[in-house]
Each structure stands twice: as C-alpha cells, then as structure tokens.
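Good morning, colleagues. Please look at the structure as I speak.

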Amino acid sequence: MSTEPTKLAFNDGWQYAPARESTDHFSIAAQHELFINGEFIAPESGRYFETINPATEEIISSVALASAADVDRAVKAARKAYKGAWSKMSGADRGKYIFRIARILQERAREFATIESMDGGKPIRESRDIDIPLAAAHFFYNAGWADKLEYAFPGRRPKSLGVAGQVIPWNFPLLMAAWKIAPALACGNTVVLKPAETTPLTALKLAEVILEAGLPPGVVNIVTGAGETGAAIVNHPDVDKVAFTGSTEVGRIIQRSLAGTGKKYTLELGGKAANIIFADAAIDQAVEGIVNGIFFNQGHVCCAGSRLFVQESVADEVIRKLKDRMETLIVGDPLDKNTDIGAINSAAQLETIQSYLKIGQEEGAEMYQSSCRLPDRGYWCRPTIFTGASQSNRIVQEEIFGPVLAIQTFRTLEEGLTKANNTPYGLSGGVWTDKGSKIFKMTRKIRAGVIWANTFNKFDPTSPFGGYKESGVGREGGLHGLDAYLKLEV
Amino acid sequence: MAGSGTRVPVIKTYKIYIDGKFPRTESGRSIALEDSDNAVIANVCRGSRKDFRNAVVAARKAFDPWSDTSAYLRGQILYRIAEMLEGRREQFVAELTLQGVSRRMAKKEVDASIDRLIYYAGWSDKYQQIFSAVNPVSSSHFNFSVLEPTGVVSILAPNESSLLGLVSNVAPVIVGGNTCVVLASEKSPLCAVSFAEVLHASDVPGGVVNILTGYREELTGQFASHMDVNAIVYCDGGSDVAKSVQEKAAENIKRVISRVDEDWSVDAAQSPYLIKQTQETKTTWHPIGS
C-alpha cells in the first residue's frame, strides 16, 4: 500500500460549463443622481464620477459627486423629515414602512444581486445567496423592533437621536447599507448615507425601493462621492450620530474629528482574525473553514480569517489539503454561477494586495498560489497562502483585505492563544476542535467581538457584530445593535 | 512617663498605590496640600507619567486573572471592600472634614460610598443575565452574546465628591472584571489614598485598582493616549477637555466615557448601564449537527 496520502482531486471528472447569470431583466441608467428629500436630483457642482465593472474594466454608469453643499441639503432634508413625519409616527407604522422595504428587496432580489456582482466584482453565488437575502433580513428583523424598543432596555426609556450620518464600505455594498439604515429607522432616526465610491449602484437602487415603499421624503437620503463627501457628513454640525464601517486608519480620523462634538458614534473597523486549527479538529471541515474564512468575497472582509494558526502535528496535512482545495477554486467572471472567487474590487485595491505579496516574500515567508487561469481583462488575484510567516511580519500584523492567508504553527493551546491575541485588532476569530471544553476556553480567551467555533464567516441580523480594541466601537445587529441609535433616558 | 503628657501624633504619609504596593512617586515630587487656614495637611505625591505607565503595566498584568475570577468571588470582594470601609468610617469622615467638607455632609458621603459598593457587589453575578442574549439565527447554529470586560480602564475621578465619586466610578469598572488606573481628585486627594488602603485589606488582588495623585493638567493627556489602555472615563472639565481626551483616545480607538457633572449622591448615579459602558459584547457561533 502506498504511503502517499490520497490527494483530493475534485476537478477530475468535473467540468463546469459556463453558467452566466442573465442581465437582460433590468436596466442600469447611464447616469445616477443624488437621492435627497425623496427625489433624484443633480449635484450642485454638476460633477459626476464613473463606476466601473472590475471584472471587465468597463464603465457601468456615471454617478453624482456630492459636495459639502449637497450633503448640507441632505442633512436639512433629514432634519425636516425627523421633526416632521418620522419622529411623530407611531413605532408600529414606522415598522410597517421598514417591513415594506424588506419585502420589495426580496421581490427584486435577482436584480440587486446581479448589479452587486457587476459593480463590486463579487461572485453571483455570494451576492445571490448571502448579500441580498441578508440585507432584506436586516430590514425585516429591525422593522419588528420599531414598536418594541422599550423591552430591549430594562429600566430605561429609549429615545431616538435625530439625524444619523452613515458612511459604508465597498465590500458588502447593499448589506452594509441595510446594517446601517434598518436599525437607524427602527429607532426613529432619519438617515444620510454615503455608499463607497467604487460600489454606489445598489445603494441608489435601494433609494428606488425606499421611494416605492412610500417612506416620507427625507427619511433616507443617499449621497454619492468619495472621502470628502464622507467627511462632510461626519463633520456636519446637524448630524447627531455617525456610523462608519471601513479601515481603522479612517476610523481613527473620524473619532478624532468628532472629539468635543458630543456626537454619538459607532465604528466598525479593520481586522486580522486568527483562525486556529487544533490537531483534534475535523480536518476536512476545518480546511473548508479556512477557505471560507479567507477566500470568501475575495478576502475583502474585515472579519476574514487572514491569520491561520495550525497545531504543529497536523500542519503538514492541513496545508497539503488546503493547497489541494485551492486548486479547485474557480477564479473569474463574477456573474458565472460556478465562480468561487470574483474580481478584486478596484485597481487600487489590487495594487495594495500585490504590494503585500511582495512584502511577504521579502520578509522571508514562502508564497504559494493556485495555478488557475485568470481572465485577460479586469482585476484578479489568485488565492494565495504564505507559510513560515512570523509574528512580526507585516503580512501577519497588517490588514491586506485580499485573498491572502498568513500561516503560522503552534504547539500548546497557550501558545496558540498568545499568538492569536498578539494584534491591535479584535474583530473576529475562529477555532476548530472537536473538544467542547477547549472550544469554550478559546472562545472566552480570544479578545474579539465575534467568534466562530467549527464554522467561519456566518452572519445574521439577530447576531451582534463588532470589534474589541482597534477593530472598533459599538455593535451592529441584534438587540445590542439598537443601542447605537438611541439615547436611554431614566 | 517623662515629658508634658501630651502625645506627639504620628502623621500619615500619603503615597500612591501601584500593583498592590504603596510606593512614593518615582519622580520624587510632592504637592503640599493645605487646609483653609493655609496650614499644610499633607505632602501628597505629585504622580508622574512614568508612575502612570508603571500602573498600566500592573493593571494589564492583573487583567487576565481578575477577569477570570468568578462573578461570585468578585461580588464578595466588593462586599468586603464595603465592610472594610464601614470599619473605617471615622477616618474617612475626618479626612473629608479636614479637606473642607462639613461633618454632616462627610458622614453622608461615606455612608453613600459604602452603600454604593454593596449595590455593585450585588450586580456582579446579575448584569450578564440582563445584557446577554441567545440570538435566534436562521441558519443551523447556536449563537449567543455575552459581556466581557473591555480591559484596562483609566479613570479621571471627579474633583468634587472625592470619595463617593471615586467609588462610584471604580466599582462598576472592577465588578465587570476590568482593571483600572485612577487619578484621584486633585483638590481633595486624601480619601483616595486611604481608600487604596481599604482595597489593600479587602482581598482585591494587586494591580486591579491603581491609584495616583497629582495634577490633572500634567496627567490627563497620558491617561487618554496610552496605547495599552482600552477605555477612559473622565468626570470633569469643559468641552476643551472632552475634545482633547477624545482626540488622544482615538490613537488606539479607546472607548471614551464622559461622566461630567454627575451628581454622585443620588440613586440615579448608580446603574448596571454604568457597568455595561466598560464591557464588550462577544458573540459566539457553533454549528448544530452531529
């Protein structure tokens, strides 16, 4: 009998014919305006920017660039809507409007999923099965809270804050909009939201849904632009609460700029999650968890399991199986239902990832990439792992935000734990073992806000999400996420 | 016995409290504290930034074991602090009156401080049950959220209400498993040092509470900016202080908790929501299956 372990060879005998999602059931306007006070209006400056499909490098649409004056108009509309209809409405009625949004999103789910994949590069399998249904679920979940808030905070009377200014990233465009808008509205606030400049389209489609749902004008306003537009929202004196998801670097600037203003804020920032595999784990399942942890959404995930710690005795086996599995991953057209890994979101992000690939090799870690074929046009990165990485390496300490995994080994539980916690971040973590007591020891001791045991990268509207340490302040989702949009009076 | 018959009293040296020990400030500096007649009551330590850094090291070292301590035991230790304070009521009343508080108000403040400790002692094994949740996720997973302590907390205790304000801010932080470094009231620092002695006699492990005396202006920046402090609580100052504290806190995304102008003497000044302010919500997922 051969001593060679059986190689996982999924591809032999499996050929995948292209299965492209159709794009003929909806249209995308050539130009998109700002959504202010229930109307689509041109930006004051008359300036527009282009949003491109990162899988083809083709321009999809041009999008209004909001200036500080436009943001001011949006905030004024939100304030007026807050003082007028929205804060006077009963919680039950507010809830019904939010339920409507959830329902319309479900009805138009395929259109949203397809546009999400075109604008952001993520595989249709993910936008169809995760992003869009979860976005609808966030509205559905929070809608039900609107008339039940007093049950969430014993001994306190919850009150809305006013106008919420929200700035979201490009990795889960519609889902992040839902995470932000749904609880804000349920808690009785009005909203000015800025989607990321590379992925504005589904947020603007959401504006259509909000119109269709008949929300009073100004309750939700969506302004598009880049960092300057975001800064105008954050620094607007009539914004009562700021919610930001993005990098720790920008989060720090925001926390600083809010100093002394008394504005309430939540920050969902970067991460460098440890995914820890013990020798007694179900190894094949753990390998799936590693793949899902780092290659989900091209690794453009703040809670990605980007640091892998494998117990030494199974390290060879885990890494071999991981490499075998990586060979099976299909990188390519985001609209193809077979695709596992789509396009990198932008040329700039691809450049960042590539600079880390160089840094990792210069630091002495060994790089391995799958051998898949990449499309000729568009922004792509093969699934990549680094073995032999050490704690001080930049690829271990810094968030790369791409399909790049840094692998280290450990011997004892304590060593694994110490290495896992040796980071300024604390967003998420993973642990794989078949021993229950070890799971609880690890999940208690990892200093992070979300811990997945024998699973990874799971999300749900009922489940609070947010970081320890430099990964942010506050929670989003679940009962705990309501706190961010309320003041609690005695 | 020889001499006049009047005993020469022994005057207490007020030192700082770091890692369960009472050192003098490493800087060797002191502040002459005067009463209303400009007579020197005590030479209290003028704590330095180095003292603060040492205290943070002690607090970080104490964090792991203290956060692992059972809720029941933490409750008993807080109760023990109250017991020790009760036994020393007269000393604290005397110190407060020496620093200008009327005897009647001093008695009220000491009593309220003891009661506040009892209040938080009772919360030690209950606040988790109030604030935790089992989350009904739609996939086949068991999912729950619990509170965990934020870590090392720096506290700029209120200048007024030098004992009750101190106790009201320290108790909710440590009952939740955090450790802390406290800057005592600048105006009336004596009770803080004596409170450290109470802590020392109450089975509070060294490093869980560290207390410095000194100048606000000199130390506030360091309390806000230190990279190994996870949260800052401040109780005094106008918008300029608030601005400066949060700007510096942003360096490592500290949690910033403002408790400016609170009236610590009222019942509304105590609440499990104060405990929650220095807690993190941790959510754990596990598949349900075979």
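A:Glu366 has A:Thr387, in strand 15 of chain A, as its bridge partner. That strand, residues 384–387, runs antiparallel to strand 14 of chain A, and four bridges join the two. Strands here are DSSP runs of E of at least two residues, helices are runs of H or I of at least four, and both are numbered from the N terminus; two strands pair if DSSP finds at least two bridges between them.

This is a predicted model, in which local features need pLDDT of at least 70 and side-chain atom pairs count only at pLDDT 80 or more, while totals for chains, interfaces and linings use all residues. Residues are numbered from 1 along each chain as its sequence is written, and chains are lettered from A and ligands numbered from 1 in the order in which they are written.

Which sheet does this pair belong to? The order is 14(A)-15(A)-16(A)-13(A)-12(A)-17(A)-18(A)-10(B)-4(B)-3(B), an open sheet of 10 strands with mixed pairing.

As for confidence, the predictor gives the complex an ipTM of 0.95 and a pTM of 0.96.

Finally, chain A is divided into domain 1 (31–269 + 469–489) and domain 2 (274–453), with bounds from an automatic or database domain assignment. Their C-alpha centres lie 30 Å apart.
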